[in-house]
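The entries below keep to what I could look up.

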Amino acid sequence: MTDAELLERLIRFPTISSESNLDLIKYVADLLQSHGINTTQIDDPDQAKAALFASVGDPSVPGILLSGHSDVVPVAGQNWHYEPFYPQIESGKLYGRGACDMKGFLAVAINVMISLAQKPLSRPVHLAISFDEELGCLGVKDLLLHLKHIEVEPLLCIVGEPTLMNIALGHKGKAAYRVHCHGQEAHSSRAPLSVNAIYLACDVMAQLRQMQRDFKQHGARDEAYDIPYSTVHVGKIEGGKAINIVPQQCDFDFEIRHLAEDDLDASLNTVFEQAKEIVAQAREEHPDSNADIQFECMSRYPGLNTESDNAMVQSLMAHSTPETQLIKVAFGSEGGLFSQYLNAPVVVCGPGSIAQAHKPDEYVELTQLDACHQLLEQFTAHICE
Ligand SMILES: [Zn+2]
């Protein structure tokens, strides 16, 4: 099967993050096994989804780890001119959900593994396929614990998110939280005698806005990013029932996207401590109010910051085309977690452009699949054969 044919096959599994990916995982596992490649399936606790790990070559020595996610973002509400799950090739572009993010890389990586399985290897090549990446890198953690447990030590980990085959050495980390603010319901004419949950939320948000100013003025800076400092953002809020009722409940969502150099835990602790003070003050003024603010973590992954002078990075660069650049990217990936859990250098490098990801008529150019195939084939031959 060509890379394009395999990609078409993978796109036909509608592995939207909310749905099961087991059919795709079984298909890939069967395909790899039919070429004599060992695979391990790592089930999600509720068994609706699974990650897959496969290796060629001697797994007891350090090798190359290729990594991708099997899930794709939803298509509901998007205006597609092509069928998202019945891929089509037109003018050198393959259209379908997941074409660039990131089943294109998976198709190439699987085919490269299959051809490596026929050869004697001095070092192994591993393939790790996760799920629930699009929900904030949730599904990769059991896979990483498995890799830690079996002592996989990669010389380099390549996460195949779309970079137009440039080599990304960094991205910001991210934490997303839902904040639940509880006040005390009352008739609005008696407002000063009660705790307004919307005001509690406003007080926390004022602190978050101050945190943004502090990041901009005093935080770490990395000019490789468009926004060279850590960012804080509130994206959703819900609270109150009517103008004549003091609101009892207000919930809002915020995120921090931080440079790897900024201490996320310290920033979050500041937010938590400030919220405790806001609650303490509300309870002091209204002792019978049960005022409270609770934080619910929705997702979290660390930033990535790989050194450009790493020997493996230099070797990958040497096998790339002359126009390949070392870059940093605005989007997050599982790369930060791979680097944290496995303590290995990690780069993000894959076919297609992030500009096409998550959008209607997502596509990957066939020349990008070819460029990816050539790079993985030549690089793994150089390191592992
Ligand atoms: Zn992706």
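**Entry 1: the model and its domains**

I note at the outset that this is a predicted model. I looked up the domain assignment, and it gives domain 1 as 3–170 + 304–384 and domain 2 as 173–301. The contact between them draws 14 residues from domain 1 and 10 residues from domain 2. For the separation I took the C-alpha centres of domain 1 and domain 2, which lie 36 Å apart.

**Entry 2: the interface**

I then asked how much area is buried between domain 1 and domain 2. The value is about 800 Å², and carbon and sulfur atoms give 54% of it. On the side of domain 1, the residues that lose the most area to domain 2 are Gly136, Asn305 and Lys328, which together make up 43% of what that side buries.

Next I looked for charged and polar pairs across this interface, and the rule finds one salt bridge and two residue pairs in polar contact, both at pLDDT 80 or more. I also looked up which strands supply the side of domain 1 that touches domain 2, and found that β15 (304–305) and β16 each supply at least two residues of it.

**Entry 3: Lys328 and Asp222**

Is each partner buried or exposed, or something in between? Lys328 has a relative accessible area of 24% and is therefore partly exposed, whereas Asp222, at 12%, is buried.

**Entry 4: other salt bridges**

I looked up the total for the structure, which is 13 salt bridges. As a reminder to myself, side chains of opposite charge can pair when their charged atoms come close.

The pair of Arg97 and Glu362 has its closest N and O atoms 2.6 Å apart. This pair joins distant parts of the chain, 265 residues apart, because Arg97 is in the loop between β5 (93–95) and α3 (99–116) while Glu362 is in the loop between β17 and β18 (363–365). Both Arg97 and Glu362 are buried.

I turned next to Glu385, which forms a salt bridge with Lys119, the closest N and O atoms being 3.4 Å apart. These residues are 266 apart in the chain, with Glu385 in the segment after α9 and Lys119 in the loop between α3 and β6 (125–130). Glu385 counts as partly exposed at 42% relative accessibility, and Lys119 is partly exposed too, with a relative accessible area of 34%.

**Entry 5: helix α7**

I wanted to know which residues of helix α7 (residues 311–318) are buried. They are Met312, Val313, Ser315 and Leu316. Seen down the axis of α7, these buried residues fall within an arc of 160°, so they line one face of the helix. An α-helix has 3.6 residues a turn, so residues three or four places apart point the same way. On the other side of α7, I found Ala311 and Ala318 exposed.

I then looked up what the buried residues of α7 pack against, and the list is β7 (154–159), β8 (167–171), β16 (326–329), β17 (346–348) and α9 (366–384). At the start of α7, I noted that a side-chain oxygen of Asn310 reaches to within 2.8 Å of the backbone nitrogen of Met312.

**Entry 6: backbone details**

I checked the backbone last, and the peptide bond from Asp101 to Met102 is cis, with omega near -10°. Met102 has its place in helix α3.

Met165 has a positive phi of about 65° although it is not a glycine, and I placed Met165 in the loop between β7 and β8. With a relative accessible area of 8%, Met165 is buried.

Asn343 also has a positive phi, of about 55°, and is not a glycine. I found Asn343 in the loop between α8 (335–342) and β17, and at 72% relative accessibility Asn343 counts as exposed.

Methods: Residues are numbered from 1 along each chain as its sequence is written. This is a predicted model: local features need pLDDT of at least 70, side-chain atom pairs count only at pLDDT 80 or more; totals for chains, interfaces and linings use all residues. Side-chain values use heavy atoms; hydrogens and water are left out. Buried means under 20% relative accessible area, exposed over 50%, partly exposed in between (1.4 Å probe, protein chains only). Helices (H or I, at least four residues) and strands (E, at least two) are DSSP runs, numbered from the N terminus. The arc is that of the directions from the helix axis to the C-beta atoms. Contact means heavy atoms within 4.5 Å. A polar contact is a pair of N or O atoms within 3.5 Å; within protein, one must be able to donate a hydrogen and the other to accept it, and residues adjacent in sequence count only if both atoms are side-chain atoms. Domain bounds come from an automatic or database domain assignment. Buried area is the accessible area (1.4 Å probe) that two parts lose on being put together, summed over both. A salt bridge is a side-chain nitrogen of Lys or Arg within 4 Å of a carboxyl oxygen of Asp or Glu.
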